Amino acid sequence: MTLSGCDDDEGGYKINRLVPVIVSNTEEIDFGNVIVLYDDSEEMTITNAGRADLRLDDVTISTNPDGVFSVVPDPDFQNEEGKLVIPQNKSMDLGFIFTPETYIIYEGELVIQSNDEETPEIRIP
């Protein structure tokens, strides 16, 4: 965390915290109809609109029956520990693959946990 400050008109200091801000370009991921044993892919973009690095601590798909959904992170944004880190004012594409095993309706929910203090978790159906 970085702090910066400046003298205000009243002789005091204002401290501005530099924090990450997560922004998603979608509210839903829909694969539509996919033929069994074939796959389809979708993509979304996550932007760091903040002033500090955005760390994605966990990117999972909850209620993932039979493991039919996969998350494909961009390796260019992985740090030494394997965590995804998006620098300030940068965007990262996050890919998803759906490979159905039978003709039923599959539903899952993407869960992204990050170090954004105001929105530490986003959920996308």
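**Close-up views of a predicted model**

F31 and F69 are both buried. They belong to a predicted model, and the views below start from this pair.

**View 1. The F31 and F69 rings form a tilted pair.** The structure holds 4 aromatic pairs. In this one the ring centres of F31 and F69 are 6.0 Å apart and the planes meet at 35°, so the pair counts as tilted. F31 sits in the loop between β3 and β4, while F69 is part of strand β6, so the contact ties together parts that are 38 residues apart in sequence.

**View 2. F69 also forms a stacked pair with F98.** Here the distance is 5.0 Å centre to centre, with 20° between the planes. The pair links distant parts of the chain, with F69 in strand β6 and F98 in strand β8, 29 residues apart. Both F69 and F98 are buried. Ring pairs join F31, F69, F98 and Y106 into a cluster.

**View 3. Four strands form an open sheet with antiparallel pairing.** The strand order is β3-β4-β8-β6. At the edges lie β3 (22–24) and β6 (69–72), each of which pairs on one side only. From one strand to the next, the twist averages 25°.

**View 4. Strands β4 and β8 run antiparallel.** Strand β4 (residues 40–48) is joined to strand β8 (residues 91–98) by 8 bridges. For E43, the bridge partner in β8 is G95.

**View 5. Confidence in the protein chain has a mean pLDDT of 90.** A pLDDT of 70 or more is reached by 89% of the residues. Confidence is lowest in strand β1 (residues 2–7), with a mean of 51, and highest in strand β7 (residues 84–86), at 98.

Key. Residues are numbered from 1 along each chain as its sequence is written. This is a predicted model: local features need pLDDT of at least 70, side-chain atom pairs count only at pLDDT 80 or more; totals for chains, interfaces and linings use all residues. Side-chain values use heavy atoms; hydrogens and water are left out. Two strands pair if DSSP finds at least two bridges between them. Helices (H or I, at least four residues) and strands (E, at least two) are DSSP runs, numbered from the N terminus. Axes are lines fitted to C-alpha atoms, for helices over the stretch in contact, and angles run from 0 to 180 degrees between N-to-C directions. pLDDT is the predictor's confidence in each residue, from 0 to 100. Rings of Phe, Tyr and Trp (its six-membered ring) pair if their centres lie within 6.5 Å; planes under 30 degrees apart count as stacked, over 60 as edge-to-face and the rest as tilted. Buried means under 20% relative accessible area, exposed over 50%, partly exposed in between (1.4 Å probe, protein chains only).
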